[in-house]
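Trainee: I want to learn how to read salt bridges in a model. Where do we start?

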Amino acid sequence: MLDIATPAPDFTLPDGDGTDVTLSALKGGAVVLYFYPRDDTPGCTKEAIAFSENLAAFEAAGAKVFGISKDSVAKHAKFSAKKDLSVPLLSDEHGSVCEDYGVWKEKNMYGKTYMGIERTTFLIDASGDIAMVWPKVKVPGHAEAVLAAVQAL
């Protein structure tokens, strides 16, 4: 896991439209990166909807918000259209960004262990440093808590 006050690892990933987003190009404003396991699952859908519903407030506070998973660009586009999401979803199909941010972890469900994304959110400040980290996120109220942290920057 990355520490607060350390530089956020730079990356370039495609969004649901196939347009590349480069983290270092967003310096000068806050950036919220929320890593989530998979498109179109109950918890991930609730989280994406919550961030989408609050997107205007994040933008008013000077922050950009991006969801990141290992799903493909096409899957992100389908998920966004199906759920009418406004938050951009970035595709890390090869998992390098998940590795860089320390969210690709061994998980356990029903006695089976497997590798997957641990739901985690990072708030990156205008200078490109990590300002806050929310590990093992519980979805209810999370987008609002992140928004409050952005507004307090």
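Mentor: Start with Lys75, which is partly exposed at a relative accessible area of 35%. Buried means under 20% relative accessible area, exposed over 50%, and partly exposed in between (1.4 Å probe, protein chains only). This is a predicted model: local features need pLDDT of at least 70, side-chain atom pairs count only at pLDDT 80 or more, and totals for chains, interfaces and linings use all residues. Residues are numbered from 1 along each chain as its sequence is written, and side-chain values use heavy atoms, with hydrogens and water left out.

Trainee: Which residue forms a salt bridge with Lys75?

Mentor: Side chains of opposite charge can pair when their charged atoms come close. A salt bridge needs a side-chain nitrogen of Lys or Arg within 4 Å of a carboxyl oxygen of Asp or Glu. Here the partner of Lys75 is Asp71, with the closest N and O atoms 3.2 Å apart. Asp71 is buried, at 8%.

Trainee: How many salt bridges does the structure hold?

Mentor: Four. One of them joins Glu47 and Arg119, at 2.7 Å from N to O. That pair links distant parts of the chain, 72 residues apart. Glu47 sits in helix H1 (residues 42-53), Arg119 in the loop between strands E7 (112-117) and E8 (120-124). Helices (H or I, at least four residues) and strands (E, at least two) are DSSP runs, numbered from the N terminus.

Trainee: Is Glu47 buried or exposed?

Mentor: Buried, because its relative accessibility is 1%. Arg119 is buried too, at 15%.

Trainee: What does Glu118 pair with?

Mentor: Lys105, with the closest N and O atoms 3.7 Å apart. Glu118 lies in the loop between E7 and E8, and Lys105 in strand E6 (residues 104-109). Glu118 is buried at 14%, whereas Lys105 is partly exposed at 25%.
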